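This report describes selected local geometry and packing. It begins with the backbone and then turns to aromatic rings and helices.

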Amino acid sequence: MKLAVLTSGGDSAGMNAVVRAVVKAGILQGCETWVVREGYEGLVRGNTGVEQEPVLPPPPEVHIKDDNFLKNFRFGDGSLLKDGTGDLPSGRTLKGRYIVRVGWDDVMGWLTEMMNVVLEGGTLIGTARSKSFRTAEGRIAAAYNMIKEGIDALVVCGGDGSLTGADVFRSEWPKIVGTLREQGKITEEQYKLHGHLRIAGLVGSIDNDMSMTDLTIGAPTALHRICESLDSINSTAISHSRAFVIEVMGRHCGWLALLAGLASGADFVFIPECPPETNPWEDEMCAKIQRHRDMGKRKTLVIVAEGACDKELKPISAEYVKEVLSERLGLDTRVTTLGHTQRGGKPCALDRIWPTLQGIEAVKALLEATPETPSYMIGMCENKITRIPLMEAVATTQAVNQAIKEKDFAKAMSLRDPEFCD
Ligand code: F6P
């Protein structure tokens, strides 16, 4: 099997662990391995050198570590190394190359800090929200670029949009390959070899917004990052006896806000799938916070998910909450938007362990895939790695967003997490 891995959509801690696991598991299973830089955009641009409309600024040079010392130190006789198979030896430029053949040592140091290698968060192979891959022409170019390299299996790590794109790509694949043959772009032999595309999805999203899996890759680290920020805010809030309204990420999903609220003893939390019960909610919030203050609390913490709304779907902004707290309760209130600090930084332990196990499972699923099996999303349920038909998981996730739009919050919550609802 000739296997490529890409990361797509918003980055998340743990994506590097995914790439490492897929590459290493692939090599151990006898596959040839590639990474695709800049998400689907890299597939569309390929290695042709043909200039395309620049959707993105030119990609940065991939940060390549001089790992000769580590290579010898770590693997002794080098028996596991695939020297010469990779495209990434230190110092080689990757300009204009998006689909890059990699070997074992190219992903060394992508999981853990070791010797002189600094562990990075985010995704070292780059990510993008590709517009061109959303077009039929873009997907045809992507397929052509893959076939040129001989790639017949793809692991995509991204959110629900990226995984939907993967499934669309797979379902269109036979037609695309037929078109490429008709256009004379691929040979009869290539056409026969590439009749079937193997795809597996891993969910990279800090929001933990995918149904049918307990945790998405990057969510535990983002939660940890938020907790660190809340600890810092706590001390200044207590010193001044102030209120803080903290905006955290989560356009459709309140997982980060809710769990950060639990972890920090917040006074009130606003999440998209469960707006405040009472109308007007301002009364409910103020009554609760006043009660906490009356009990002697010197600080007030209110956490607002970025997609929070009231029951009528009117957005609840951190600035507005601040106004309410200042005007009604006379609290000296500040707003802190944590923004992208939540997405960055080193992955926590869970965001190294789960992505590694899921990456290995993705390779297994691809090796077992037939034209009849569905594309799988690799997830986890009650501490076990699971394979879930990708489109089922995406459809359930989209049903949550639809339920919110229809103000059916009970349905949204039960689809989101049936057990949490209880
Ligand atoms: O989906 C992940 C996420 O971090 C959301 O929580 C947030 O709304 C969005 O990405 C931000 O996207 P961008 O980095 O493109 O501004």
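## Backbone features

P280 is placed in the loop between β7 (268–270) and α9; helices (H or I, at least four residues) and strands (E, at least two) are DSSP runs, numbered from the N terminus. The peptide bond that leads from N279 to P280 is cis, with omega near 0°. The model is a predicted one: local features need pLDDT of at least 70 and side-chain atom pairs count only at pLDDT 80 or more, whereas totals for chains, interfaces and linings use all residues. Residues are numbered from 1 along each chain as its sequence is written, and side-chain values use heavy atoms, with hydrogens and water left out.

With a relative accessible area of 55%, E382 is exposed.

## Aromatic pairs

The structure contains 6 aromatic pairs. Rings of Phe, Tyr and Trp (its six-membered ring) pair if their centres lie within 6.5 Å; planes under 30 degrees apart count as stacked, over 60 as edge-to-face and the rest as tilted. One of these pairs joins F169 and W173 edge-to-face, at 5.5 Å centre to centre and 90° between the planes. The two residues lie in helix α5 (residues 160–182), 4 residues apart, or about one turn of the helix, and both are buried. Another edge-to-face pair is formed by W281 and Y320, with 5.8 Å between centres and 85° between planes. W281 lies in helix α9 (residues 281–294) and Y320 in helix α10 (residues 318–329), so this pair ties together parts that are 39 residues apart in sequence. W281 counts as buried at 5% relative accessibility, while Y320, at 33%, counts as partly exposed.

Ring pairs also link F169 and W173 with Y40 and F133 into a cluster.

## Charges over rings

R101 lies over the face of W34, 5.3 Å from the ring centre. K185 is placed over the face of Y144, at 5.8 Å from the ring centre. The criterion is that NZ of Lys or CZ of Arg is within 6 Å of the ring centre and within 35 degrees of the ring normal.

## Helix packing

Helix α7 (residues 219–240) packs with helix α8 (residues 255–264) at an angle of about 45°, their axes being 10 Å apart. Axes are lines fitted to C-alpha atoms, for helices over the stretch in contact, and angles run from 0 to 180 degrees between N-to-C directions. This angle makes α7 oblique to α8; under 35 degrees counts as roughly parallel, over 145 as roughly antiparallel, 65 to 115 as roughly perpendicular and the rest as oblique. The residues of α7 that meet α8 include L223, I226 and L230, and their counterparts in α8 include W255, L256 and L259, where contact means heavy atoms within 4.5 Å.

α5 and helix α12 (residues 390–405) pack at about 140°, with axes 10 Å apart. That makes α5 oblique to α12. D160, L163, T164 and D167 in α5 meet α12 residues, among them L390, M391 and V394.

Technical notes. Buried < 20%, exposed > 50% of the residue type's maximum accessible area, 1.4 Å probe, protein only.
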